[in-house]
There are 2 protein chains.
Amino acid sequence: MKKFQIKELDKSKINNYQHIIDTKTKPLGALGFLEKIGLQICLIQNTSKPQIITPQMYVFAADHGIAETGVSPFPQKVTTQMVYNFMGNGAAINIFCNQNNIELFVVDSGVKHINYQVITENNHFIKASLGKGTKNFLTQPAMTQKECLEAINNGSEILNKNKKNSTIVGFGEMGIGNTSSAALLMHYFTNITLEKCVGRGTGLDDEGLKKKIELLKTSKNNAPQIQNPLEILSYFGGFEINMMVGAMLQAAENKQILLVDGFIATAAFLAAFSIEPLVKEYAIFCHQSDENGHQFMLEYLKVEPILNLNLRLGEGTGCALALPLVQASVNFINQMASFEQAGIENRV
Amino acid sequence: MKKFQIKELDKSKINNYQHIIDTKTKPLGALGFLEKIGLQICLIQNTSKPQIITPQMYVFAADHGIAETGVSPFPQKVTTQMVYNFMGNGAAINIFCNQNNIELFVVDSGVKHINYQVITENNHFIKASLGKGTKNFLTQPAMTQKECLEAINNGSEILNKNKKNSTIVGFGEMGIGNTSSAALLMHYFTNITLEKCVGRGTGLDDEGLKKKIELLKTSKNNAPQIQNPLEILSYFGGFEINMMVGAMLQAAENKQILLVDGFIATAAFLAAFSIEPLVKEYAIFCHQSDENGHQFMLEYLKVEPILNLNLRLGEGTGCALALPLVQASVNFINQMASFEQAGIENRV
């Protein structure tokens, strides 16, 4: 694997940044969480005049062998159909990226039934397929370690090839069955019991959920002893998830602000965090998903999400929706008057 | 008082709207709270193609007699200075309104030390002062019932005079001491114990908070028996709060979407709700403030806020920050493809 050179944030000017925030014309701390985000972005960009430039969203799509065993109420072909929907500008992530001026890239990381002739040639559609979906990890590794490394490296390269002057990037995913993959990654990277890692995904009923838990337990029992991140990601990961891991690590190496979405994206983040804990300093957690395990992931990482809207859609929608609040946290630092500038008396 | 003609929402097409939401290309319910907001706006506008047009924000500013007794760590002159800051485009509400394309009006509802010569003539500054601040309700009514009625009527008229084609409006406030007024309104309109209604405002320490609670208890003990909304608003309200009550009721009469901000704005909403409960059908609660009593207000009203960012700034900042999410809830309904349009298979 590429060795990612993620730098620890320089905290030497943190008091300067905090002073700027504290002398804006508002009661001390009155902008709450936005003040924390603003401070973090000052540190990431090493400046008291942080900037949100060319926000980008990469949606990685791939299929999963485990979907053949029936872990989702949707048929596997929906992964392909949703990619067409992304390219036709009809999905939720399209709408929210359009609204908030986010440049959207869709990456075929390994979609099974895709037909490129259906998609108009487009520099926002990236062909990076590692195969027609992963193998079914119920009985075998999802991919080889070579494929896993390739996914991570490709994710990193795709980001760098398209990043231009972007200072902030979010990642989304599409892949029928990928909450199963994410649940196992969560379990291996956090040691939280598998039951707490498994949720209803796109909408399983009680019986479906029970079956999913049993299947994932069996998958684990059938697997050999695995422990290092590369082994875990090879055995239970997905092409889209593993590309996202590489892209996240690269974003942090680039000193970009890294927007983390919901359950699957946070599973990828757990892997990135396991490979290089410093990635967390660049990450903003955009929302708490309604998918059961997500709250426990956030607790494990000791992080707070910006939004809690009971979203469980994926595609990076939580990132796209949170962006205006991240923008606000930068704007207040750059644009609000200080008590001195405005000639206002501070607290007595 | 003007009799506000607020119509109950027509629910006859609710199943049609819900069907449109449910057949968008996403798992059922996966957009969580945004789906509820989108449905509410369809009902308010009586259409399956809801629109956010010309969002407006009115910040009502006024001074409070109780501030002379020392209920805030900031001196009373700050109300005036912050109005100048609003007109100089330097306050948080300016930044967030600019970011999210919200038309901002600042209303002098009764600011004590204001000098109009300092303010450049401007059709977004509205002179509607009812006096140089209210009287101190520690020993006397804040205003006469005639002044209270005038405030409510003026709030209504200001909204209608400036509304143009706006379909959505938020209200903010500025007034040193106004968390004290809002705490008493909350207490009278909800019957929640006064201790739970009183918070730190702009940042009182423990001793200051204790003193504030004692002062507000004494104010209550000194007051005569009051119970109807007009009596309560006259005795303990503020010029800015009471104007907001009128503006909120008018917004609902106009079938505008009503964005409710934090502690003080929700106190005004409690009064509006007490006058005409149907106002709630038009209201979206933008955030849960860090001010102690706000969570209890929201519980009393049985409503959920969009954001919970530990904000406690007022000025309508919570509304301005929540607007992009309200916009997203309308955009997904208008712009997302349905399963049928996108040729995607729905759940099996």
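User: As what does K2(B) count at 31% relative accessibility?
Analyst: This is a predicted model in which local features need pLDDT of at least 70 and side-chain atom pairs count only at pLDDT 80 or more, while totals for chains, interfaces and linings use all residues. Residues are numbered from 1 along each chain as its sequence is written, chains are lettered from A and ligands numbered from 1 in the order in which they are written, and side-chain values use heavy atoms, without hydrogens and water. Buried means under 20% relative accessible area and exposed over 50%, with partly exposed in between (1.4 Å probe, protein chains only). At 31%, K2(B) therefore counts as partly exposed.

User: Which residue forms a salt bridge with K2(B)?
Analyst: A salt bridge is a side-chain nitrogen of Lys or Arg within 4 Å of a carboxyl oxygen of Asp or Glu. In the bridge of K2(B), the closest N and O atoms are 3.3 Å apart, and the partner is E253(B).

User: How many residues apart in sequence are the parts that E253(B) and K2(B) tie together?
Analyst: Helices (H or I, at least four residues) and strands (E, at least two) are DSSP runs, numbered from the N terminus. E253(B) lies in helix α10 of chain B, whereas K2(B) lies in the segment before α1 (14-22) of chain B, so the parts are separated in sequence by 251 residues.

User: What distance separates the end C-alpha atoms of helix α10 (residues 239-253) of chain B?
Analyst: The expected span of a helix is 1.5 Å times one less than its number of residues. With its 15 residues, α10 of chain B should span 21 Å, and this agrees with the distance between its end C-alpha atoms, which is 21 Å.

User: How many of the 15 residues of α10(B) are buried?
Analyst: Although E253(B) counts as partly exposed at 23% relative accessibility, the helix is largely enclosed by the rest of the structure.

User: Is E103(A) buried or exposed?
Analyst: The side chains of E103(A) and K164(A) meet in a salt bridge with an N to O distance of 2.4 Å. E103(A) lies in strand β2 (residues 103-110) of chain A and K164(A) in the loop between α5 (145-162) and β4 (168-174), so the pair ties together parts 61 residues apart in sequence. K164(A) is exposed, with a relative accessible area of 55%, whereas E103(A), at 16%, counts as buried.

User: How many residues of chain B are in contact with chain A?
Analyst: Contact means heavy atoms within 4.5 Å. Under this rule chain A contributes 52 residues to the contact, and the number that chain B contributes is 52.

User: What area do chain B and chain A bury between them?
Analyst: Buried area is the accessible area (1.4 Å probe) that two parts lose on being put together, summed over both. Carbon and sulfur atoms carry 63% of the area for these chains, and the whole comes to about 4,500 Å².

User: Which residue of chain A forms a salt bridge with K77(B)?
Analyst: Across the interface of chain B and chain A, the rule finds two salt bridges. In the one formed by K77(B), the closest N and O atoms are 3.5 Å apart, and the partner is E345(A).
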